[in-house]
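Me: Could you walk me through this structure before I set anything up?

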Amino acid sequence: MQEQVNNNIQIDKVKILSLESAGAICSAALSYDEQVIAEYTIFAPSKHDKFLAEFAKRLLEDFNLKSDELSAVAVSAGPGSFTGLRISGSIAKALCFDGEPKLIAVPNLFAFAKQSIENDGKADMTYSATIKAQTNLLYYQDFSADMSPLCEPQLIEKEEYAKRDLSNTIICGSAAYLFDEYRIDKANTDFSARLIAKRAIDMYRAGEFADANAYTPLYIQEFEVKTKKINVP
């Protein structure tokens with residue numbers, strides 16, 4: 001488990017608790033305005049239900065905060081793991097059930113693209129954010145350098161994605177490593193609560209809040225229950 005803490009904070013800042021469990025990484029972060037002051041992360045998969053709520057609780061305790069003293073709770077809205085999205089979504093809805101703090105639903109693909117454009121934005125490039133899905137599938141969404149979405153989030157096979165014209169594209173996100181023969185942002189492949197927090201402060205200031213009672217994650221792919229075949233004699 002990775003822990004990062006910075007106790008040099010100011011109490012008059014916008015305070016956002018960010019939660020991420022859409023992929024293999026499970027993490028929670030506390031930010032004051034643009035500054036992430038603490039982040040707890042575990043890199044082991046399938047541990048989200050055990051650790052995420054504990055991470056959120058610990059962050060509040062470490063900085064002597066009550067949940068109603070937060071300005072907002074930000075959550076990775078998807079796409080991603082069906083189970084993971086439900087875990088973080090449930091925790092966020094519980095914290096925001098009465099409308100205080102506010103709920104911010106951060107689209108994962110948008111957050112990946114924002115980070116790449118901030119890293120090395122070029123006006124003439126397309127930024128394609130990707131997230132690894134099951135087996136040979138991935139989610140993607142293309143953005144212009146001014147962060148305008150060029151398409152809706154898509155679920156596509158790897159081979160079909162590679163058939164697209166990627167000559168003027170920078171690929172980022174957790175599935176970028178699948179396309180290292182193209183231009184990829186190698187510094188922007190891991191998704192964590194820190195990435196959620198960076199987008200969340202923009203959405204907070206723009207008043208882009210979700211209704212905690214009605215909130216549902218962006219699944220895109222229908223959830224499939226895996227069954228095991230049993231041979232009956």
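What follows is a chat about a pocket, some salt bridges and a surface patch.

Reply: Happy to, and please keep in mind that this is a predicted model.

Me: What volume does the second largest pocket have?

Reply: The second largest pocket has a volume of about 220 Å³. It is lined by 14 residues, of which Glu39, Asp190, Ser192, Arg194 and Leu195 are the closest to its centre.

Me: And which element gives the most to that lining?

Reply: That is α5, which gives three residues to the lining of the second largest pocket, while β4 (35-42) and α5 each supply at least two.

Me: How many of the lining residues are nonpolar, polar or charged?

Reply: By class, the lining of the second largest pocket has six polar residues, with four nonpolar and four charged ones beside them.

Me: Switching to charges, how many salt bridges does the structure hold?

Reply: The structure holds twelve salt bridges. One of them joins arginine 58 to aspartate 62, where the closest N and O atoms are 3.7 Å apart.

Me: How far along the helix are arginine 58 and aspartate 62 separated?

Reply: Arginine 58 and aspartate 62 are four residues apart in helix α1 (residues 48-62), so about one helical turn separates them. Arginine 58 has a relative accessibility of 29% and therefore counts as partly exposed, and aspartate 62, at 37%, also counts as partly exposed.

Me: Which residue does lysine 102 form a salt bridge with?

Reply: Its partner is glutamate 100, and the closest N and O atoms of that salt bridge are 3.9 Å apart. Lysine 102 is partly exposed, with a relative accessible area of 31%, and glutamate 100 is partly exposed at 44%.

Me: What about arginine 199, is that one buried or exposed?

Reply: Arginine 199 is buried, because its relative accessible area is 12% and the cut-off for buried is under 20%. Its side chain meets that of glutamate 208 in a salt bridge, at 3.7 Å from N to O, and glutamate 208 is partly exposed, with a relative accessible area of 36%. Elsewhere, salt bridges that share partners join Lys13, Asp33, Glu34 and Arg205 into one network.

Me: Last topic, which residues make the nonpolar surface patch?

Reply: Leu155, Leu218 and Ile220 make a nonpolar surface patch of about 200 Å². Isoleucine 220 lies in the segment after α5 (193-205), and at 33% relative accessibility isoleucine 220 counts as partly exposed.

Methods:
Residues numbered from 1 in each chain as written. Predicted model: local features only at pLDDT ≥ 70, side-chain atom pairs only at ≥ 80, totals over all residues. Heavy atoms only, no water. Patch = residues over 30% accessible without salt bridge, like charges linked within 9 Å, V, L, I, M, F, W, Y side chains within 5 Å. Areas by Shrake-Rupley, 256 points an atom, 1.4 Å probe, with all protein chains shown as cover. Salt bridge = Lys/Arg side-chain N within 4 Å of Asp/Glu carboxyl O. Buried < 20%, exposed > 50% of the residue type's maximum accessible area, 1.4 Å probe, protein only. 1 Å grid on protein atoms, 1.4 Å probe; cavity = no way out; pocket = protein on both sides within 12 Å on 5 of 7 lines; lining within 4 Å. Points joined across faces, edges and corners; volume = space filled by probe spheres on them. Nonpolar A, V, L, I, M, F, W, Y, C, P; charged D, E, K, R; others polar.
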